[in-house]
Amino acid sequence: MTPPKKKGLTVITTHTNADFDAMASMLAAQKLYPDALVVFPGSHEKNLRNFFVQSMVYLFNMADIKEIDFSAIQRLVLVDTRQPGRIGRFAEIVERPDLEIHIYDHHPSLPEDIRGQYEVQELVGATVSILTRIIREKAIVITPDEATILCLGIYEDTGSFTFTSTTETDFMAAAFLVSQGANLSMVSNLISREISQEQVSILNDMFQAATRYHIKGVEVMVTSVTSERYISDFAFLVHKMVKMENLNSIFAVARMGNKVYVVARSRTSDVDAGAIIRALGGGGHPYAASATIKERTLAQVEQQLLDVLHQTLRSSKRANDLMSSPAISADPDLSCEEARNLLTKYNVNALLVVEKDPSGKERLLGYITRQIIAKTLYLNLNPKVREYMMTELGTVGPDAEIGEIQEKIIDNKQRVLPVMEADRIIGVITRTDLLNILVQESRYKGGDLPNPYKEEVNARTRNILRFMRERLPDRLMELMKTIGDVGDDLGCGVFVVGGFVRDLFLFRKNEDIDIVVEGDGIEFARTFAKMQGVRIHSHEKFGTAVVIFPDGFKIDVASARLEHYRFPADLPTVEMSSIKLDLFRRDFTINTLAIQLNEKRFGTLIDFFSAQKDIKEKVVRILHNLSFVEDPTRVYRAIRFEQRFDFTIGKLTSNLIKNVAEMDFFRHLSGRRIFSELRLILEEENPVPAIGRLDDYGLLAILHPSLKRDKHFDARLSGTKKVIDWHDLQFTEEPFLRWVVYLAALFHGCDPNSTEEICEKLELAPRYRSIFTEERFEAMRCLYSIKRGLPLENSALYRALVPFRIEITLYMMAAAGQQRTKRAIAHYLTRLRFVETSIRGKDLKSMGLKPGPLYREILDAVLEARLNGRVKTRNDEINFARNYTA
């Protein structure tokens, strides 16, 4: 569309507190209205003002608002706004019948908006993107400087294309501007500018004053700051805080002089920043908004903001987002004693009571609580569950909202709420689940201000698709999309979990993919394998499978499962579960991240247990206090992760490790499980600090009292690390068992009986046991002989060391102590051990010698001569052999 032409004064303006999008939109509008004057209605950001003064002001046909004769304006062009309250003095003339108004805006329409004779309104990331498209369509020429300013507006208002409001139009507009010579270096410098010392101080004040509220299931941060003068770039500081804390939504309130400013940013559809700020007299769109408020105190504005938040916010969460699945249930004819065991087994406080008809269909009868069961047993009763169960209970469907859930649980005083779909129980919501969401709201209704957000109950989610594309190779991305498609076909949730996701955020390469399926994992693996033409190996008992590709690449698949332990250090008993319960069974918070792979939520990161926070803070924490009691091998993993990632074991976690060591729960572990974890530690790139941590917690002494950390302990292990590093540098392609070298060094001070006892306790396989109980001691005798005999001929050194495997030879080098002995072993490893004779038995036969023991004697003599440098070529060897037999 082409704007109608009209003679007279044309003015282009925008909203007060103009940002880069507003400024860029005015420049773009000037290209469409070349005779127009560009007029700011009020203040604009300080860095924006400096930008004009120092560089690009010549591009604008600019006039001061004080010099404008408002009665002479016949056409008003509004960009990036349509609200009369945001255009300063220009609001006085918008009702003039002879005024022609043209509008270009990307904000949603509102009833109070100014209406124009010509309007272009589209829900895109930046208004300048709309104008850029029109410029391109009309083939209007723009200079590189103009393209840079327009591009700057797009980058700022789309958060460099990261805001969820970004659209294809924005990308296409930026692409066009780059083709016209836009200087992206200048754009980057202005968008990613350094913050001053004063701004750092203000940002720190904002962090200190920040309060997290949990309102109707929606997390919102509110912060405030006070300054006697105007804070330049306040919106920039708010955006900085969003990025630093990875916030979904924030409302920043600032008193500057005698005015109060509110800046809002939102990255979630649950919080419409524009709607909330409009209630305060400001404006904006769902993802970014601001308001300037006069004649009100900071406290009054904060209170009004909280009122609006509580009135406006409505969580998009539904029952199927909050529920745990599967619901733990009991048969009505179960005794209360048996029901109590179920409560303990699954660590829940209420059981649904479910009866199955002859066809196997479940019928919900009621529920029974831990309190009721405890009372019956206290009174020495042991009735059936059906005799004391609660039969009056409400249910909800999977799409039920918070309000309905609250009514059923709180108003009916119902401890547990079944979630039903087509008469089938698909999950359960507990009273605790709901109260953790509504506690802030209930306090607010009672007249108290909500307390800071303390603990996250439901998953923190965000889409990390762009991050995944940056970090992962295309083949893995395509593979995960295919996995998600198979999940959609089977109607089950599919997630990639654990170490793969953790290492994604630690920027460590990890292609060990673990997939969790909310359903039958083995069926999923079979379907996927059939589609891909690959094979699988399944484990029915645990509901797991391994998908094996022709090139050896593997994917581990598991059904979402719940584990419980019958006694300390027991192997887990496994049952079907949901992703939340599956993640809860894991060892540490840092391993509880999951990424959904189903098409509609592909790339959605799920964090139930603040794993991102612990990764950021570099802390290893367990999920619950009985974690080490249930499985003491987690202690070894805690130490391994701590040292691998240069993390710190959390204070509570550390105390619990000490407790489990003092109570000797390790005695229940099989030696094979201990050895498996110890081996993983010794296979780390540098296991030396981890071995020291094992001793710090007394875990070496638990293995055997002879494993003592004497004054030579650390030096011996560090020496072993140096020897292994030396070997890896010299022989990059030679495989060896590094854990054997370190374990031999760990056993260095143990006598034969102690070594045998440790090997027995660790249940080492015979092929490994002989290395430590026989070869190690033979190696030490050999090492003593070498030390005494130095210097040795090459052949003597070769004969001494050639019987030993590479692992024991490296152990000898580490244990040698004296540098001359180390050099001798290094000489053998680099120069002697691969020496061979050129001649063979067939050469001796051609000399007329009869096959027999003489062949070995001659070849050994030739090898000795070659090692000692007496023969160098094949002819030398043949002559040596002839002379030997002469």
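Helices and strands are DSSP runs, numbered from the N terminus. The close-up views below come from a predicted model.

**View 1. Helix H20 and its buried side.**
Helix H20 covers residues 521–532. Buried in H20 are Gly 521, Ile 522, Phe 524, Ala 525, Phe 528 and Ala 529. They cover an arc of only 155 degrees around the axis, so they lie on the same side of H20. The cover over these buried residues includes helix H18 (474–490) along with strands E18 (494–497), E19 (513–517), E20 (535–539), E21 (544–548) and E22 (554–559).

At the N-terminal end, H20 is capped by Asp 520. A side-chain oxygen of Asp 520 is 3.1 Å from the backbone nitrogen of Ile 522.

The structure contains 24 aromatic pairs. One of them joins Tyr 230 and Tyr 261, with 5.9 Å from centre to centre and 75 degrees between the planes, an edge-to-face arrangement. Tyr 230 belongs to the loop between strand E7 (218–227) and helix H8 (234–245), while Tyr 261 belongs to strand E9 (residues 259–266), so the pair ties together parts 31 residues apart in sequence. Tyr 230 has a relative accessible area of 35% and is therefore partly exposed. Tyr 261, at 12% relative accessibility, counts as buried.

**View 4**
Planes count as stacked when they are under 30 degrees apart. Both residues lie in helix H20, where Phe 524 and Phe 528 are 4 residues apart, about one turn of the helix. Phe 524 and Phe 528 are both buried.

**View 2. An aromatic cluster and two charges over rings.**
One aromatic cluster is made up of Phe 675, Trp 739, Phe 747, Tyr 768 and Phe 772. Elsewhere, the charged end of Arg 475 sits over the ring of Phe 553, at 5.7 Å from the ring's centre. Arg 833 lies over the face of Phe 731, and the distance to that ring centre is 4.6 Å.

**View 3. A cis peptide bond in a loop.**
Leu 790 and Pro 791 are joined by a cis peptide bond, with omega at about 0 degrees. Pro 791 is in the loop between helix H32 (766–789) and helix H33 (794–801).

Ala 139 is not a glycine, yet its phi is positive, near 55 degrees. Ala 139 is in the loop between helix H3 (127–137) and helix H4 (144–157). Its relative accessibility is 63%, so Ala 139 counts as exposed. Glu 763, likewise not a glycine, has a positive phi of about 55 degrees. Glu 763 is found in the loop between helix H31 (752–761) and H32. At 36% relative accessibility, Glu 763 counts as partly exposed.

Notes. Residues are numbered from 1 along each chain as its sequence is written. This is a predicted model: local features need pLDDT of at least 70, side-chain atom pairs count only at pLDDT 80 or more; totals for chains, interfaces and linings use all residues. Side-chain values use heavy atoms; hydrogens and water are left out. Helices (H or I, at least four residues) and strands (E, at least two) are DSSP runs, numbered from the N terminus. The expected span of a helix is 1.5 Å times one less than its number of residues. Buried means under 20% relative accessible area, exposed over 50%, partly exposed in between (1.4 Å probe, protein chains only). The arc is that of the directions from the helix axis to the C-beta atoms. Contact means heavy atoms within 4.5 Å. A polar contact is a pair of N or O atoms within 3.5 Å; within protein, one must be able to donate a hydrogen and the other to accept it, and residues adjacent in sequence count only if both atoms are side-chain atoms. Rings of Phe, Tyr and Trp (its six-membered ring) pair if their centres lie within 6.5 Å; planes under 30 degrees apart count as stacked, over 60 as edge-to-face and the rest as tilted. A charge sits over a ring if NZ of Lys or CZ of Arg is within 6 Å of the ring centre and within 35 degrees of the ring normal.
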